[in-house]
Amino acid sequence: MQIRIALWSLALASTSGLAASPTSIPGPAFPHFDTPAALEVSCTRDLRRAGTALKRLVRVRGGPHWLAAYDDLNARLEDMSSPISFLANVHPDKAVRDASEACELRWQDFYSSLSQNEALYRAARGSSGRDEIDRHVLQTTIEGFEDAGVSLPKPQRARAKQISDRITDLGQQFDKNIRDENTQLAFTIEELSGVPEGVWGQAPRDSQGRVLLGLATPIFVPVMQSAVSPAARERMWRARQNQGGPDNLKLLGELGQLRKEFAQLFGFKSYAEFTLRRRMVRNTATATRFLEEVRVAVLERETQELEELRQAKARELSQPDVNLQRWDVAFYTERIKRARYSVDQDAFRAYFPPQESLAFVMRVAEKMMGVRYERVLGVTLWHPDAMAFRAIDVKTGKALAALYIDAYPREGKYGHAAVWSPRTSATRLKRAPQAVMLVNFDRKGLSLDELETLLHEFGHALHNNLAITRYSAGREVWDFVEAPSQMLEEWVYDPKVLALMREVCPTCKPVPDELLAQAKVAERYGKGMQYATQRLQASYDLALYDADAPDPMALWARLQGETTLGYVSGTMFPAGFSHVATNYAAGYYGYLWSEVVAADMRTAFGADKLDPAVGRRYRDTVLASGGELPPQTFVRRFLGRDSNTQAFFEDLKR
């Protein structure tokens, strides 16, 4: 998944429930660029400095002090490269976004060369660690060098670097094609019957007076859930399915072939086998077996839910033999939830104003983990909507970290919800971490589903902000990284947790207990379809990066064609499936795998999700560990036992 000054008055900050402070944020200020030229100058200067620092490190021959010297370099490179690369996702000026992407490619060239540096590799292998943290960070550092190709013969090593650089370039193009597409669909007022007027009332019109709507989540979801017109839903659904278009299918095909070739340079048949050996799951056989267990566990439930949706459509149209279409699913799911449980997601917006919702999730962290967030004013960021906060330990008053939040959708901004970590912790350097959270709120308020998403993303931010790692160079394990966020999702259905909204916004109406109780029951409806979809997408991802590296579109049409609703001709979902093109390649199963760990960790809180003793233990064992220990180690310390799948599969049956 912006060169203005983010100034909000103290009065506005106080009325929104967000504590405000004129003090500075921990760590360096986020870089600010008015022009592409300014960014390019900074990029060139920092790359030159990086080269000089690398030459100094090469002269360190290993031994007990090498890891610290290497980490010094890693921290410096992170501060120079990560924020500039991030700006491609948020800057309002396309020229600056393009300059950011060009700079990222130059950094990619630097990093891919660094990771194949034989002198650094020899020094790492010749180094020693004083404890399990040193040994684990050294081991993952050595593995990083090896996975980049440092041990390959020179011709293969050069090809590995070429492939790695090309993969970054293609992933960039893939995301850019989605981000810059700016699709606008024209609808008559009649076609939008059922959709809350707040979604489309202020939207631009074309020359015929039709409403022009984009595909951003705050628009897409209510149209799919509420538009009475099947044709309107179908047009919106097809447009979203086809984001990225044929160009992205070509890019995805090339990515599959390149990743296969990359793995074969190391003697592996598939990219999936190459990358999963470093994950919790260890191999594709285990991942595939797990996904099959999920499929079997949810099959009956998914089948029942789809049949209920079909019957609801049949009753509405008085056509007993009607077929359920994919653009019907969200609409009739919402209809059933409203009829059966009296739950209307749009009705929750009155209870959760955007700024107050941010204050709410921050108060959850304060009550549960002893960390308070304060708004920092007068900080120059990339857009007026962007805000800066500092995280403060409640007990000591110490500033721990910085958090930037960009809350509202706009053209050219990353269109989903995500968190970036441009700066990681390193206690040996007294280095404060920094995270950036991107969401795309409806300015009128959040639905309960959107509040759940917000808490999920805030979980990622806490994972960054509350890390107390010795080194910045620790590597997160990709099939664990979602667990700290997924664990918090159920918190929004707890009355005791939601009661904190009254503390940050005394004037906000509280959610009626009976409505929340119904919402909690309704939340279970559709879980069969939800997990079946995740399982399908994860299976597609693994198959895409299997030994034969199949054609992306043919593979999707076949796998989706085997499902109950089948494949819809003319759609190209993989063209917009950014995860499999970029960081989650051969790793999308990790969302479900992480849910296993999340469900197990959740059991430690029992009936009190705000228990400060458990919350503090969770903070000190799981979040504080970052990537400098294996997840199995710190999860075991938190739970007092090895993790297991019992809670996850019991939850699937509820």
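**View 1. The lining of the largest cavity in this predicted model.** Ten names make up the list: H136, R475, E476, V477, G626, G627, L629, P630, P631 and F634 line the largest cavity. The cavity has a volume of about 40 Å³. Its lining divides into five nonpolar, three polar and two charged residues. Rolling a probe the size of a water molecule over the atoms shows where empty space is left.

**View 2. Helices α15 and α25 where they cross.** Helix α15 covers residues 354-369, and helix α25 covers residues 612-623. Their axes come within 7 Å. They cross at roughly 95 degrees. An angle of 65 to 115 degrees counts as roughly perpendicular, so α15 and α25 are roughly perpendicular to each other.

**View 3. The contact of α15 with α25.** From α15 come K367, M368 and M369. They meet P612, G615, R616, Y618, R619 and L623 in α25. By class, this contact has five nonpolar, one polar and three charged residues.

**View 4. P612 and its partners.** P612 sits in helix α25. Leaving out residues up to four places away in sequence, P612 touches K367 and M368. P612 and G370 are 242 residues apart along the chain. Their C-alpha atoms are separated by 7.5 Å.

**View 5. Residues 1-16 and the confidence of the model.** The mean pLDDT of the protein chain is 94. Of its residues, 96% reach 70 or more. Over residues 1-16, however, pLDDT stays under 50. For this stretch the model has 52 contacts beyond four places in sequence. Where pLDDT is low, the predicted coordinates should not be read in detail.

Key: Residues are numbered from 1 along each chain as its sequence is written. This is a predicted model: local features need pLDDT of at least 70, side-chain atom pairs count only at pLDDT 80 or more; totals for chains, interfaces and linings use all residues. Side-chain values use heavy atoms; hydrogens and water are left out. On a 1 Å grid over the protein atoms alone, a cavity is a set of points where a 1.4 Å probe fits but cannot get out, and a pocket is an open set with protein on both sides within 12 Å along at least five of seven lines; lining residues have an atom within 4 Å of a point. Grid points are joined across faces, edges and corners, and a volume is the space filled by probe spheres set on the points. Ala, Val, Leu, Ile, Met, Phe, Trp, Tyr, Cys and Pro count as nonpolar, Asp, Glu, Lys and Arg as charged, and the others, Gly among them, as polar. pLDDT is the predictor's confidence in each residue, from 0 to 100. Contact means heavy atoms within 4.5 Å. Axes are lines fitted to C-alpha atoms, for helices over the stretch in contact, and angles run from 0 to 180 degrees between N-to-C directions. Helices (H or I, at least four residues) and strands (E, at least two) are DSSP runs, numbered from the N terminus. Angles under 35 degrees count as roughly parallel, over 145 as roughly antiparallel, 65 to 115 as roughly perpendicular and the rest as oblique.
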